[in-house]
Amino acid sequence: MKGFYARKNYYIIQCLLVLLIIVLGWIVGDYSGISLSDMLLFGSALLIVITGVVFGLLPGLGVSLVVMFLFGTSLIWAAFFSSASLPSEGAIVLWMVVFLAAPIITGLLHKWVMTLSAEHKEMSDKFEQFVTIDETTGFDNKRRFFFELEEEFNRSQRVQAPFSLLLIQIKYYDKFCSLYGQKEADHLMQTLSGILWNHTRRTDRKFRLEEDTFAIILTNTSETNVDIVIEKIEHLCKNHELINKRKKVTLTFSFGISSYNESLSDYMELVQNANHELEQYIQ
């Protein structure tokens, strides 16, 4: 939200600055209409403003110096080599102030907005590091999964308590998304997460690792008992009803199981073993 309001205020200020330049142009023209020379001066001022807004202070100053050089050259030409009338001293001073002030103001505003944008991005990145919940399913995400798995692995090493890791992958998920769209894909994930919530224990921790993959840490569960959980999940999730309830889709799943034992050196071996079984799984 901070970044949104920063950009909004930035463009409001730029609009006011452009309006100020227009008013100054009318003042220089004595309200009797803007001449060709005044239009050129006004256009030059707008060019400086746009350069300062888009590229910052130094490019704006560079364009400003070029414009002032051309403006001064045109005044010298008009004074010595042309019969064209010169602007009044007040108008000359006013335009020189505009040419100098425009890049400074817009350049500083550009720097201010870039600083706010950088701060906003930094805060967003920090915020994402603390977000551990998948919005669609309500499960913890991959970052939280590795933290929880390591904690459970260390606990089992201390107290010799069994636990198992179960990976669940929806096969052909990409085809489902392409056929039915993102709304149906979100509905599918919400349905599956609801089944997993309702038919596993509260102590079992659930995660969404990828778009098509769930993980469950089954506490105090040996590998022989995981098959019961798989059979139940597969039966409940096999037939999925679309949002409009006019069609049911048959889903297929792959499962990967890995259980703690004393021979494992660290928790990543559990993940590797479960992934291997996931890839080799045959219904």
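**Salt bridges, a helix face and a surface patch**

Guide: In this predicted model, the count comes to 8 salt bridges, a pair being counted when a side-chain nitrogen of Lys or Arg lies within 4 Å of a carboxyl oxygen of Asp or Glu.

Visitor: What makes the pair of E148 and R144 a salt bridge?

Guide: The closest N and O atoms of E148 and R144 are 2.9 Å apart, and because the cut-off is 4 Å, the pair qualifies as a salt bridge. Both residues belong to helix 5 (residues 142-159), where they are 4 residues apart and therefore separated by about one helical turn. In general, an α-helix has 3.6 residues a turn, so residues three or four places apart point the same way.

Visitor: Why is E148 called buried, and how is R144 classed?

Guide: E148 has a relative accessible area of 11%, and because buried means under 20%, the term applies. R144, with a relative accessible area of 29%, lies between the limits of 20% and 50% and is therefore called partly exposed.

Visitor: How do you know that the length of helix 7 agrees with its number of residues?

Guide: Helix 7 (residues 223-237) has 15 residues, which at 1.5 Å a residue should span 21 Å, and its end C-alpha atoms are 21 Å apart, so the two values agree.

Visitor: Which residues of helix 7 are buried, and what makes them line one face?

Guide: The buried residues are V226, V229, I230, I233 and C237. Seen down the axis of helix 7, they fall within an arc of 105°, and therefore they line one face of the helix. T224, I228, E231 and H235, on the other side of helix 7, are exposed.

Visitor: What do the buried residues of helix 7 pack against?

Guide: Their partners are strand 1 (163-170), helix 6 (173-198), strand 3 (213-219), strand 4 (239-241) and strand 6 (253-259).

Visitor: Which residues make the nonpolar surface patch, and why is L57 called partly exposed?

Guide: L57, L100, I104 and L108 make this patch of about 320 Å², to which helix 4 (residues 89-130) gives the most, with 3 residues. L57 is found in helix 3 (residues 57-80), and because its relative accessible area of 30% falls between 20% and 50%, L57 is called partly exposed.

Visitor: What is the setting of these features in the chain as a whole?

Guide: The chain has 8 helices and 6 strands, and buried residues make up 37% of its 283 residues. Of the contacts with a separation of 6 or more, 68% are between residues 24 or more positions apart.

Key: Residues numbered from 1 in each chain as written. Predicted model: local features only at pLDDT ≥ 70, side-chain atom pairs only at ≥ 80, totals over all residues. Heavy atoms only, no water. Patch = residues over 30% accessible without salt bridge, like charges linked within 9 Å, V, L, I, M, F, W, Y side chains within 5 Å. Areas by Shrake-Rupley, 256 points an atom, 1.4 Å probe, with all protein chains shown as cover. Helix = DSSP H or I, 4+ residues; strand = E, 2+ residues; numbered from the N terminus. Buried < 20%, exposed > 50% of the residue type's maximum accessible area, 1.4 Å probe, protein only. Expected span 1.5 Å × (residues − 1). Arc of directions from axis to C-beta. Contact = heavy atoms within 4.5 Å.
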